Amino acid sequence: MKKIILLLFITVLTNAMSAQNKFGYLDSQEILLLMPEYKSAEKELQEFVKSLDGQLISMNTELQNMFSDYQKNIESYTDLVKADKEAEIQSLQARVQSFEQNAQISIQQKQADLLQPIQEKLKNVIDNVAKENNYTYIFEAPILLYAKESENILPLVKKKLKL
């Protein structure tokens, strides 16, 4: 009898605990794409990438010109001048490769720097919506296998962000 009462008590307690949990979900990427801050950050990032591309194009043009000049005049070079020109070309190739690698790192860092405050703002709004509407958990939509549309907090977050 005690086992049945204990089992009944555990069942009731489990049901009561699960009834208190409220779950919601949203697609934060969809909201980010709507935020004006995100659009201006993307524009700034594209301008940054464009400036680095300009520098890379200039360096590659210099490399191509140097190599073309070397090929045109190779017959007239002494062994010493030829070795010097080859070393210059290799040095410039190494600088171009180094610049490409550093540019990729710079782009990633710039993107992180630009997006961090926007993502923090979005997280704070999501936290506020969750607290105001008594959600226990909020999940990112693409990960969910199933969710009732009524628990999508996207409209609440959009409203809070005035989007």
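## A first look at the chain

Buried residues make up 22% of the 163 residues in the protein chain, where buried means under 20% relative accessible area, exposed means over 50% and partly exposed lies in between (1.4 Å probe, protein chains only). This is a predicted model, so local features need pLDDT of at least 70 and side-chain atom pairs count only at pLDDT 80 or more, while totals for chains, interfaces and linings use all residues. Residues are numbered from 1 along each chain as its sequence is written, and side-chain values use heavy atoms, leaving out hydrogens and water.

You will find five helices and two strands in the protein chain, running α-β-α-α-α-β-α from the N terminus on. Helices (H or I, at least four residues) and strands (E, at least two) are DSSP runs, numbered from the N terminus.

## Following helix H4

Now trace helix H4, which covers residues 79-132 and has 54 residues. From its first C-alpha to its last, H4 reaches 79 Å, close to the 80 Å expected at 1.5 Å a residue; the expected span is 1.5 Å times one less than the number of residues.

Look for a bend of about 35° at Leu115, with a proline, Pro117, following within four residues. The bend is the angle between axes fitted to the seven residues ending at a position and the seven starting there. Just after H4, Asn134 takes a positive phi of about 60°.

## Salt bridges

Side chains of opposite charge can pair when their charged atoms come close. The structure holds five salt bridges, each defined by a side-chain nitrogen of Lys or Arg within 4 Å of a carboxyl oxygen of Asp or Glu. One of them joins Glu37 and Lys121, with the closest N and O atoms 2.3 Å apart. Glu37 sits in helix H3 (residues 36-73) and Lys121 in helix H4, 84 residues apart.

Glu44 and Lys110 also meet in a salt bridge, at 3.3 Å from N to O. Because Glu44 lies in helix H3 and Lys110 in helix H4, this pair ties together parts that are 66 residues apart in sequence. Another salt bridge joins Glu132 and Lys160, whose closest N and O atoms are 2.5 Å apart. Here Glu132 belongs to helix H4 and Lys160 to helix H5 (residues 154-161), 28 residues apart. Glu132 counts as exposed at 52% relative accessibility, whereas Lys160 is partly exposed at 35%.
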